[in-house]
Number of protein chains: 2
Amino acid sequence: MADIQESKESLQESLQQVITLLNKHKLIEGLVHKQDMPKQELVETLVHRQNLAELQKKLDALHPADVAYILEALPLDQRLDVWELVKAERDGDILLEVSDAVRQTLIADMDSEELLAAAEQLDTDELADLAPDLPKDVLQDLFESLDARNRERLQSALSYPDDAVGALMDFDVVTIREDITLEVALRYLRRIGSLPDHTDKLFVVDRHDVLRGVLPLKRLVVNDLDSGVAEIMADDAVIFHPEDKANDAAKAFERYDLVTAPVVDENNKLVGRLTVDTVMDFIREEAESDMLSLAGLREDEDMFSSVWKAVQNRWTWLAINLVTAFVASRVIGAFEGSIEKIVALAALMPIVAGIGGNSGNQTITMIVRGLALGQVASHNMKSLLQKELGIALLNGLIWGSVLGVVAYLLYDNVALGMVMTAAMTLNLLLASVMGVLIPLVMTKFGRDPAVGSSVLITAMTDSGGFFIFLGLATLILL
Amino acid sequence: MADIQESKESLQESLQQVITLLNKHKLIEGLVHKQDMPKQELVETLVHRQNLAELQKKLDALHPADVAYILEALPLDQRLDVWELVKAERDGDILLEVSDAVRQTLIADMDSEELLAAAEQLDTDELADLAPDLPKDVLQDLFESLDARNRERLQSALSYPDDAVGALMDFDVVTIREDITLEVALRYLRRIGSLPDHTDKLFVVDRHDVLRGVLPLKRLVVNDLDSGVAEIMADDAVIFHPEDKANDAAKAFERYDLVTAPVVDENNKLVGRLTVDTVMDFIREEAESDMLSLAGLREDEDMFSSVWKAVQNRWTWLAINLVTAFVASRVIGAFEGSIEKIVALAALMPIVAGIGGNSGNQTITMIVRGLALGQVASHNMKSLLQKELGIALLNGLIWGSVLGVVAYLLYDNVALGMVMTAAMTLNLLLASVMGVLIPLVMTKFGRDPAVGSSVLITAMTDSGGFFIFLGLATLILL
């Protein structure tokens, strides 16, 4: 039995052992380079070889997912040392397990032949995941090495966008006819000898591959052997089309607790299946990409990528942020006269802007989540906006008053305190309106509301906050 | 066949239909209240009843998960109208499907008897999910209504924290002995007549319930009927303990593509199982809670909660943000003399602070993610810090120079431009160091690095940015 606690410790341990062996390897290499007495060299080479053999043994004993974990946790040079030692026949499986960014570093280290060999170990649906990262000539050779059926499958899998069911499905379907008995079905399965991973149901099709229903293994093993497939099968299974959005499919998997589900074309012909492990990976990736894009990272970044690559990944949002910060700065610039007269304004204005940004981000997170769950729509927009305005008003009056009193105590100026309270309340109201409108407008224009809405709301509450506070101060205090 | 595209449309359609019927219902109620001619009333009541009957029929036809979806998408008063109409025997299943916040509003609307009736429809592991939201007296009655075995199970399930395997496992295990043949096993299953949801394997135990291995249904149906269970079963299954972290279990499910897995106690005795649907819900909830806590929301919020409830959910982080904004304001206050002399400083300082915050949040997101995946640890901290420092230096020099030139052009002051460039670079370096250190220190002290680290880094880059920029300006320009 593989105990999870042990297996987790041993994964960390494995990583440590690999690092120790790698360091030893480097040390020995250094020695060999420095000294070139032939005898000495011989001994070193022996130690060297033993060391590498040990490392290789260690790696061979690990699950591909665990090797992938170790590769991702290592800086580039050590990563490539380990990659060299991984048995060639496991390359394909491991490439599938590592993250996109790390996969690129590994592929860059392989020549065409190695890549082709790795690709040829994979199923068509797995190939489709790998294909976008392969050099064009390798992809060409690969296509030529496939038989007609698999070539067609690969082409069709590649034709769907990343977020469509067609890009996630696999072709490991086991089909039976509806006019046979369970006994015949079981005999057929025993002849096949093994079933694909995650097979929890057989797909019942007619002679034209049109889906008639599904026969869960659960039902197969508890029902009378004389029963016909047609009477035992479920004919109300949840089905998908290749062009369905993966996100909708993921929700259906969660909602209806599916393990596998058939994918059919417009004529109800079975073309593949979707499995829960792929769906789970998709959910994990979506959640991560939301988190990354909220922080202004364009895509997944290899933890040990070069500084230059990382700069490229991050510069877009930094640049946008620079522009919005510049706009906010110009708003302040317009009121330089007021600040010169009451310098306290300069010290107080970031508070108004900051709290507005924080509050706006809370609102926007709620709305983005409601949109993702399909709970926010035109029919309830009004009540949502009312709620957020209510919260903003309450928070503005409470916290605005606190800060108004603080400003009065600090600068001994009642009017300044009142301006502070009024500006806080107005900026929070602005934040709540924008927090509801920005994601709704982005959705209306077909954009992902998670990407960049945080930067947009902060831009508005910064510039807006400075304008409201300095404007009110100029009107009232000067 | 339930077509996913249709089913999604029909889910939105169902919601619309429910809303239309609810509005009609309200209209009729209003009429009945206004007019009290007996004849008129009779007619209205008839229409009223027809309308409600239609609504009820609609709801009865929906999957519990879909009713939950509709309940979550409705404002409180309409939600409770619908909840009244849901057949009592479905209450339990639906309560399990709605979010925590919405569940509380539904439970608040039910009396003890209704709650007890709803709870009695559920399995022990489902009860454990519901129990924390039930009033004490209902929970007491519930305990008394259970038999000894289920009472013990419920007690043990409640004794584990939310994020332990023990809180997620269920007790729907089907066990067999290892000394029988597959034929005997199949005969036994046919006698049972049906298997629990998600059964992809049988658990092989000895007479003391000690786990000996697992027999996947896949293997059961493809192997010779004369084979013994012992030779066909897998004895290297991934197993869990009730006290294992749910997060580690979720990673193991993803890594090893599991559908179900046995949970055993310290003596290797089988106590329950973990299923992929529970794990998937857990992953989804974790991802959402990370997103919410990054935005400074304490917990899941009912989209239609009262303003007052929402304010309570959000005030903690707003208050913390208020304190950090106040500190930043005091830093500026210390340099009021300098700002009075060069008012341009007031307009430029938010740019330095803002870009620092944005860049720091990028770094912190990378590190938090690396920590969550177990890829960031002491052995690679140095190279990570070097990388982040490199990125900060490069970004600082590039963007700092751009802004330095802009500041020079705006204010015709070379020294001011140079101060801008230097301050940007220094603040980005500060952001990168803090972006690496904050999550590491939080983890060291056993805290979740996702909660609050964004607020902390922004606090540092704000106060730090103001201090660096205004300090440099005071030293060099005055």
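# Close-ups of a predicted two-chain model

**View 1. A loop residue of chain B, B:D179.** B:D179 sits in the loop that links β2 (175-176) to α12 (182-192) of chain B. Everything shown here and below comes from a predicted model.

**View 2. The open sheet of chain A.** Here we have three strands of chain A, ordered β2-β3-β4, in an open sheet with mixed pairing. The edges belong to β2 (175-176) and β4 (211-216) of chain A; each has a single partner strand, so one side of each has no neighbour in the sheet. Zoom in on strand β3 (residues 201-205) of chain A and you find five bridges to β4(A), in the antiparallel sense. Which residue of β4(A) is the bridge partner of A:K201? That would be A:P216.

View 3. Strand β6 (residues 260-264) of chain A is mostly covered, with five of its five residues buried. A:T260, A:P262 and A:V264 point one way from β6(A), while A:A261 and A:V263 point the other way, and all are buried. Strand β7 (residues 270-275) of chain A runs antiparallel to β6(A), and five bridges join the two. Across from A:A261 you will find A:L274 of β7(A). Between the strands of this hairpin there are five residues, and A:N268 takes a positive phi near 70°.

**View 4. Where chain B touches chain A.** On chain B, 106 residues are in contact with 106 residues of chain A. Which helix gives the most to the side of chain B that touches chain A? It's α19 (residues 344-372) of chain B, with 15 residues. By residue type, that side of chain B splits into 58 nonpolar, 23 polar and 25 charged.

**View 5. Helix α19(B) on its own.** The 29 residues of α19(B) reach 43 Å from first C-alpha to last, close to the 42 Å expected at 1.5 Å a residue. This helix is mostly covered too: 28 of the 29 residues of α19(B) are buried. After α19(B) comes B:G374, with a positive phi near 75°.

View 6. Chain A holds 22 helices and seven strands. Its radius of gyration is 31 Å, well over the 23 Å from the globule rule for 478 residues, so chain A is more spread out than a compact globule. The C-alpha trace of chain A spans about 90 × 80 × 45 Å along its principal axes. Of the 478 residues of chain A, 45% count as buried. Among contacts in chain A between residues at least 6 apart in sequence, 70% join residues at least 24 apart.

Note on methods
Residues numbered from 1 in each chain as written. Chains lettered and ligands numbered in written order. Predicted model: local features only at pLDDT ≥ 70, side-chain atom pairs only at ≥ 80, totals over all residues. Pairing = 2+ DSSP bridges. Helix = DSSP H or I, 4+ residues; strand = E, 2+ residues; numbered from the N terminus. Contact = placed C-beta atoms within 7 Å. Nonpolar A, V, L, I, M, F, W, Y, C, P; charged D, E, K, R; others polar. Expected span 1.5 Å × (residues − 1). Buried ≥ 20, exposed ≤ 12 C-beta atoms within 10 Å, placed from the backbone. Rg over C-alpha atoms; globule rule 2.2 N^0.38 Å.
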